[in-house]
Amino acid sequence: MSPLKPLKTIAGRPLGLVLSGGGARGTFQVGVWEVLRHDPRGLRSLPSVISGTSAGALNGALICAGLSPQQMLEFWLDLGRKPPVTANRAFFRGIQNAMATMALKQPTMPLKQRARSARLLPSILAKHLRPFRGSSLAAVMEYVLTAGFHNVSHFLEGIETTYLFNTGAIRERLIETLGGETISHPQCNLAINTVDIRSGRVIRFVNAQPSTHDESDLTNYRVGPISVDVILASASIPILFNPVVVDGLELWDGGLLVNTPIAPALALGAERIVPVLVTPDGDHSPTRPSNFGFAIERLADAFLENAYNTDRKLLLERNRLAEVSPSHHLRVVDLYDAIRPASSSVFDAGSYLYFEPEAMTSMYLAGKEAARAWLNRGPVLDTRPGPHPELAPVRAPLD
């Protein structure tokens, strides 16, 4: 049997690693990377291109800067041991001020609004304040969201800040880890994806000139060294963390619009794509109890999964057009099945924000397990826009 060839060198075609967002679940990607980096069936060197968003942007930057998987894991675990965020006191002062302002404005509300609130209040109280059957908090919430919903807008406008926590300390941690405010000696082409708060546009930061053949609109690209501020902006979860100003733009987490950023990987020259997601392919824990935390996790998973399915279907359609009308401007790009968690069992409620060392270590180990399983399967190429279980999977040769 001939020796196994590294995945990167199959047919000499550049390989791109696409790392999704996912908060604390980013340690899953570290486990995946460790196996891909050291398993003889994986990558013996860095991929040609890495494109990342949010947690994937952090991991992509660390990989591109040359950190080992163990150094990357230590970076994540250190975030759990010494959380580098500070509560935004202006936000909580804003809540107090907004509540006080609302209380003062109540007597001056329009007569129609006051009449409607007065009409609905007795029925709300009757439903929720019966002995042993209700809750005063439930009554308040129903009143606010129905009879008093007009107050919500006034309340939100009274909080004159946009975030709960400041991430300045994470910036210092990144500078220390990367050895400066930019990735000074990148070892691959790198794309970091963000969203401009004001315009709602995706802004992509790349350290190499993108090709016009793979991305029709290059106006949203910024070419140059990748800075710590760019990385931090991509990981700035809206509302939770402060936006980051780069080149005069207020930027937020790219996961809002491009959680699995395939397009910039193509624009930077990748001809084969390995996506690494942090969402299981459905919930494979039928005995897991349903609760509010479970519902939030599944909602987030569904949102991110839908974003990926949109991206992959666009790429598969692009490949179909390239096959029908061959052109040097459009080439077929191999898309591998995503490496993802086998199940949701290690992802407890709130795992996207559960920066606790033991939980993150479990997710890291789940990443190693998922990567080994992916290599054992082939790996398999994703060639169909929908499931066709009767067809045999297409495997990329590794020898």
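The model is a predicted one, in which local features require pLDDT of at least 70 and side-chain atom pairs count only at pLDDT 80 or more, whereas totals for chains, interfaces and linings use all residues. Residues are numbered from 1 along each chain as its sequence is written, and side-chain values use heavy atoms, with hydrogens and water left out.

The secondary structure of the chain consists of 12 helices and 13 strands; helices (H or I, at least four residues) and strands (E, at least two) are DSSP runs numbered from the N terminus. Of the 399 residues, 47% are buried, a term that denotes under 20% relative accessible area, with over 50% counted as exposed and values in between as partly exposed (1.4 Å probe, protein chains only). Contact is defined as heavy atoms within 4.5 Å. Among contacts between residues at least 6 apart in sequence, 75% join residues at least 24 apart.

Two packed helices are described by the angle between their axes and the distance between the axes. The axes of helix α2 (residues 55–64) and helix α3 (residues 69–81) come within 10 Å and cross at roughly 140°; α2 is therefore oblique to α3. Here axes are lines fitted to C-alpha atoms, for helices over the stretch in contact, and angles run from 0 to 180 degrees between N-to-C directions. Angles under 35 degrees count as roughly parallel, over 145 as roughly antiparallel, 65 to 115 as roughly perpendicular and the rest as oblique.

In the contact between these helices, A55, L58, N59, L62 and I63 of α2 meet M72, F75 and W76 of α3. The residues of this contact divide into 7 nonpolar, 1 polar and no charged, where Ala, Val, Leu, Ile, Met, Phe, Trp, Tyr, Cys and Pro count as nonpolar, Asp, Glu, Lys and Arg as charged, and the others, Gly among them, as polar. Helix α2 is mostly covered, 10 of its 10 residues being buried. Just after α2, G66 adopts a positive phi of about 95°.

A further buried position is S236, with a relative accessible area of 2%, in the loop between α9 (228–234) and β8 (244–246). Leaving aside neighbours within four places in sequence, S236 is in contact with F241, N242, P243, W252 and D253. S236 and D253 are 17 residues apart in sequence, and their C-alpha atoms lie 4.8 Å apart in space.
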